[in-house]
Amino acid sequence: MQVSLNKKLKPFAQTNARYKVAYGGRGSSKSWTIARILLIKGMEKPLRILCTREIQDSIKDSVHKLLKDQIELLELTGWTVQNDVVKHTNGTEFLFKGLYSNLSKVKSFEGVDICWIEEAESISAMSWEILDPTIRKPGSEVWISFNPRYEDDVIYKTFVIEPPENSIVIKVNYQDNKHFPKELEDQKNHMAKVDPDLYLHIWEGELKRNTAEQVMQSKWSVEDFETSPIEHFYYGADWGFS
């Protein structure tokens, strides 16, 4: 079967590793390439594949629709798409769970061959601490796709700053996607002009820096100053998010 894949991510299909990580900016085809590879692998032999993310309020928040769309687009046979599971006639099944509200249930998952964590930049340290040892079947793998956010995010620290030896970590951006659409090309070029820092984050997969999204963006400066012995400094913080 000839299926078009982002060639930069072919190690996901061809190499054995405990962790396979794809990260970078928007429009890089990370998700649909991983979906295609998993569907092909699932047709070759029975697999139990857990698809997860931090928050999944409904099946619409998962990669369920992405898998369904790829099955139809590629005209893959043998698949049945149900409301909460995708199955193949050979016994392969895709299951979908959010971590935040299902950690106790995820801990009880057994026999998972591949766990795919989508939008992994949002995974909490607690979720990762529980999920990683849960995927313990001999030869099992953890596949991770995400757009970098902050340097202290647990997945970024674990796999980009100090990746373990048994991991494949690939940065992939829009330049690597030969099917990158013109509509996104126009958006990308406009952002590069009006907000270069945000462009680097969204499209080049760089960490969030000084962008127009920040309240204090371009509204501060660093200067030398002198103080008198009677002056005091107080520190405070106002976390403007929840």
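Begin by selecting Cys-51 and finding its sulfur, for which the closest cysteine sulfur is that of Cys-115, 8.0 Å away and too far for a bond. Bear in mind throughout that this is a predicted model. Staying on Cys-51, you will find a residue that counts as buried, at 3% relative accessibility.

Now move the selection to Cys-115, whose closest cysteine sulfur is in turn the one in Cys-51, at 8.0 Å. Cys-115 is buried, with a relative accessible area of 0%. How many disulfides does the count come to? A disulfide requires a pair of cysteine sulfur atoms within 2.5 Å, and by this rule the count is zero; the sulfurs of Cys-51 and Cys-115, 8.0 Å apart, are therefore too far from each other for a bond.

Although Glu-75 is not a glycine, its phi is positive, at about 55°. Is Glu-75 buried or exposed? With a relative accessible area of 66%, Glu-75 is exposed.

For the last stop, select Glu-119, which is placed in the loop between strand 6 (114-117) and helix 5 (125-134). Here too the residue is other than glycine and phi is positive, with a value near 50° for Glu-119. The relative accessible area of Glu-119 is 39%, so this residue is classed as partly exposed.

Conventions. Residues are numbered from 1 along each chain as its sequence is written. This is a predicted model: local features need pLDDT of at least 70, side-chain atom pairs count only at pLDDT 80 or more; totals for chains, interfaces and linings use all residues. Side-chain values use heavy atoms; hydrogens and water are left out. Buried means under 20% relative accessible area, exposed over 50%, partly exposed in between (1.4 Å probe, protein chains only). Helices (H or I, at least four residues) and strands (E, at least two) are DSSP runs, numbered from the N terminus.
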